[in-house]
Amino acid sequence: MDSLMIYLLKVSAGTIILYLFYLVFFSMDSFHNRNRMALLLVLLLPVLIPFVSTFNFLANNDFTPSSGAIYNIIASENQLDSAISEKVRSVNVNSLPGWIYLSVVVAFISRGVISISNTLRIIRKGQVRQNTFPKIIISESDHPAFSFFPYIVIPRKEFESGDYSDLLEHETVHVRQAHTFDLLLCELFIAFQWFNPFLWFIRKSMVLNHEYLADKSSVKGLINKKIYQYRLLNIPANIRTIPLAHS
């Protein structure tokens with residue numbers, strides 16, 4: 001457990017360094033597809049680099065055992081078994097932080113599963129308007145339009161108004177570019193690194209970048225972009241949002 005905690009602390013430190021690098025060099029420009037890949041690498045590289053380093057170490061060293069080495073291993077086997085047995089029999093107070101860590105991880109994962117279940121419940125209760133990709137659902141619930149791969153959910157009041165084409169185009173971009181999987185990956189990292197506050201900032205940057213990507217595609221065919229901007233601004237700020245979905 002101690003080695004796991006040390007590994008997680010190293011991963012967290014690497015994540016913080018890479019995210020600060022992202023903020024300085026990438027966050028202020030408009031290359032949003034590149035920024036999406038950069039944010040994913042901020043999450044993945046700190047996890048993968050230790051394994052690559054270990055593999056290179058093993059590949060660069062000759063581990064063919066000599067007869068003396070084999071004898072030493074056999075001779076120390078009984079001592080190792082005795083030490084392990086003694087460790088198991090004893091009450092290790094140092095394991096308490098590990099159990100606390102795992103408890104919080106389980107709590108975060110449970111929260112994520114509940115959020116996904118609630119989102120899917122809204123989708124199941126809705127009326128299927130289009131069953132091809134992306135699937136369009138008309139919902140009776142009071143929430144903004146949102147997407148959760150491969151679904152786009154439009155509130156009935158928006159649908160009946162007939163003025164939802166721009167929202168549909170916006171959410172279609174989220175679905176076609178599979179932004180949902182980025183969020184789910186980030187939520188998984190938050191669950192295992194809940195002690196790292198920078199992951200919440202990474203999630204915020206990721207969601208913001210997704211919205212930039214969706215807006216960029218949505219306004220291409222619009223003659224009057226101001227109407228689209230005002231439409232987004234008129235969405236009530238206190239309306240119920242959907243967890244782990246793009247609203």
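Visitor: Which strand is Ser-139 found in?
Guide: Ser-139 is in strand E2, residues 135–139. Strands here are DSSP E runs of at least two residues, and helices are H or I runs of at least four, numbered from the N terminus. This is a predicted model, where local features need pLDDT of at least 70, side-chain atom pairs count only at pLDDT 80 or more, and totals for chains, interfaces and linings use all residues. Residues are numbered from 1 along each chain as its sequence is written, and side-chain values use heavy atoms, with hydrogens and water left out.

Visitor: Is Ser-139 buried or exposed?
Guide: Buried, with a relative accessible area of 1%. Buried means under 20%, exposed over 50%, partly exposed in between, with a 1.4 Å probe and protein chains only.

Visitor: What is Ser-139 in contact with, sequence neighbours aside?
Guide: Leaving out neighbours within four places in sequence, Ser-139 touches Ile-122, Gly-126, Val-153, Ile-154, Pro-155 and Arg-156. Contact means heavy atoms within 4.5 Å. Pro-155 is 16 residues from Ser-139 in sequence, and their C-alpha atoms are 4.8 Å apart.

Visitor: New topic. How many of the 12 residues of H6 are buried?
Guide: Nine, so H6 is largely enclosed by the rest of the structure. Among them are Asp-166, His-170, Glu-171 and His-174.

Visitor: And what follows H6?
Guide: Ala-178, whose phi is positive, near 55°.

Visitor: At what angle do H6 and H8 pack?
Guide: About 130°, with axes 8 Å apart. Axes are lines fitted to C-alpha atoms, for helices over the stretch in contact, and angles run from 0 to 180 degrees between N-to-C directions. H6 and H8 are therefore oblique to each other. The cut-offs: under 35 degrees is roughly parallel, over 145 roughly antiparallel, 65 to 115 roughly perpendicular, and the rest oblique.

Visitor: Which residues meet there?
Guide: From H6, Asp-166, Glu-169, His-170, Val-173 and His-174. From H8, the list includes His-210, Glu-211, Leu-213 and Asp-215. By class, this contact of H6 with H8 has three nonpolar, five polar and four charged residues. Ala, Val, Leu, Ile, Met, Phe, Trp, Tyr, Cys and Pro count as nonpolar, Asp, Glu, Lys and Arg as charged, and the others, Gly among them, as polar.

Visitor: How do H7 and H8 pack?
Guide: H7 (residues 179–192) and H8 (residues 198–218) pack at about 175°, axes 10 Å apart. That makes H7 roughly antiparallel to H8. The contact includes Leu-183 and Phe-189 of H7, and Trp-200 and Met-206 of H8. Its classes are nine nonpolar, two polar and three charged.
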